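Welcome! Here are a few exercises to work through with the structure open beside you. Try each task before you read its solution.

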Amino acid sequence: MTSITLYTATRPSSASPVEQALLELDIPHELVRLDLDAGEQKRPEFLAINPNGLVPALVIDEKPMFEGLAIMQYLGDRFGVERGLWPAAGSAARLRAVSWSTWSYAHLQPFVRLLIVSTSAMVPEALHHPPLAELARAELKKRLTVLEGELERDDYLLGSDFSLADLIVAGVLGWGVSMGVSLDGLPRTGAWLKRCMSRPSGAKLGK
């Protein structure tokens, strides 16, 4: 049997979508929850798994990997196809899944981070930058308008059924919304995000 250990956090974090993916895939796994505020992610034993000192990190049969997008796509490739949650290699749907997944990390996440750095109470007020915040909001609106148009086709990114591609993109956007990203004027995106976040696997997170 494959041995899987996910290193995540004691609070919601960028590792949460990976934890939810493991629940969706119904794969036996062990969770190690690190107290990020206490700096447990900087301990030598964890840095040997992820030298960046960040969650998520995954250890599969004693072999480590890190970066949320890489982990999610690996889980899709290895376990998701047979469970109907990730498209088969070589299919048009696989190309769409990889494209939208990468889009969320390359084109959406950077502006979510910029908005947080420019406005969040977690960042010292002296570092807040209103012009950068407005730039981030404008760029996010452009990108989310593209997503809104895509969701005119169907309920989910790959068609009528939920997939790990939805979870990957929703993980980035859900984090953004929790930090102040607006979905005003984007009804399809809002409804899609709610469907993704209200799945039974989401209710099990942290338990």
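Predicted model: local features only at pLDDT ≥ 70, side-chain atom pairs only at ≥ 80, totals over all residues.

## Exercise 1: A cis peptide bond

**Task.** Which two residues does a cis peptide bond join, and where does P56 lie?

**Solution.** 
- Step 1: Most peptide bonds are trans.
- Step 2: The bond between V55 and P56 is cis, with omega at about 10°.
- Step 3: P56 lies in the loop between α2 and β3 (57-60).

## Exercise 2: The surroundings of Q41

**Task.** Locate Q41, decide whether Q41 is buried or exposed, and list its contacts beyond four places in sequence.

**Solution.** 
- Step 1: Look in the loop between β2 (30-34) and α2 (44-47); Q41 is there.
- Step 2: Buried means under 20% relative accessible area. Q41 has 11%, so Q41 counts as buried.
- Step 3: With neighbours within four places left aside, Q41 is in contact with L34, D35, L36, F46, L47 and G53.
- Step 4: For L36, the side chain of Q41 reaches the backbone oxygen at 3.4 Å.

## Exercise 3: Where the domains meet

**Task.** Describe how domain 1 and domain 2 touch: what area do they bury between them, and how many salt bridges are counted?

**Solution.** 
- Step 1: The domain assignment gives domain 1 as 4-84 and domain 2 as 92-203. Each of them brings 14 residues to the contact.
- Step 2: About 1,200 Å² is buried between the two domains, 64% of it on carbon and sulfur atoms. On the domain 1 side, Q20, E24 and L69 lose the most area, together 44% of what that side buries.
- Step 3: The count between the domains is 2 salt bridges and 4 residue pairs in polar contact.
- Step 4: α1 (16-25) and α3 (68-80) are the elements giving two or more residues to the domain 1 side. That side divides into 7 nonpolar, 5 polar and 2 charged residues.

Methods. Residues numbered from 1 in each chain as written. Heavy atoms only, no water. Helix = DSSP H or I, 4+ residues; strand = E, 2+ residues; numbered from the N terminus. Buried < 20%, exposed > 50% of the residue type's maximum accessible area, 1.4 Å probe, protein only. Polar contact = N/O pair within 3.5 Å; in protein donor to acceptor, adjacent residues only side chain to side chain. Contact = heavy atoms within 4.5 Å. Domains from an automatic or database assignment. Buried area = accessible area lost by both parts, 1.4 Å probe. Salt bridge = Lys/Arg side-chain N within 4 Å of Asp/Glu carboxyl O. Nonpolar A, V, L, I, M, F, W, Y, C, P; charged D, E, K, R; others polar.
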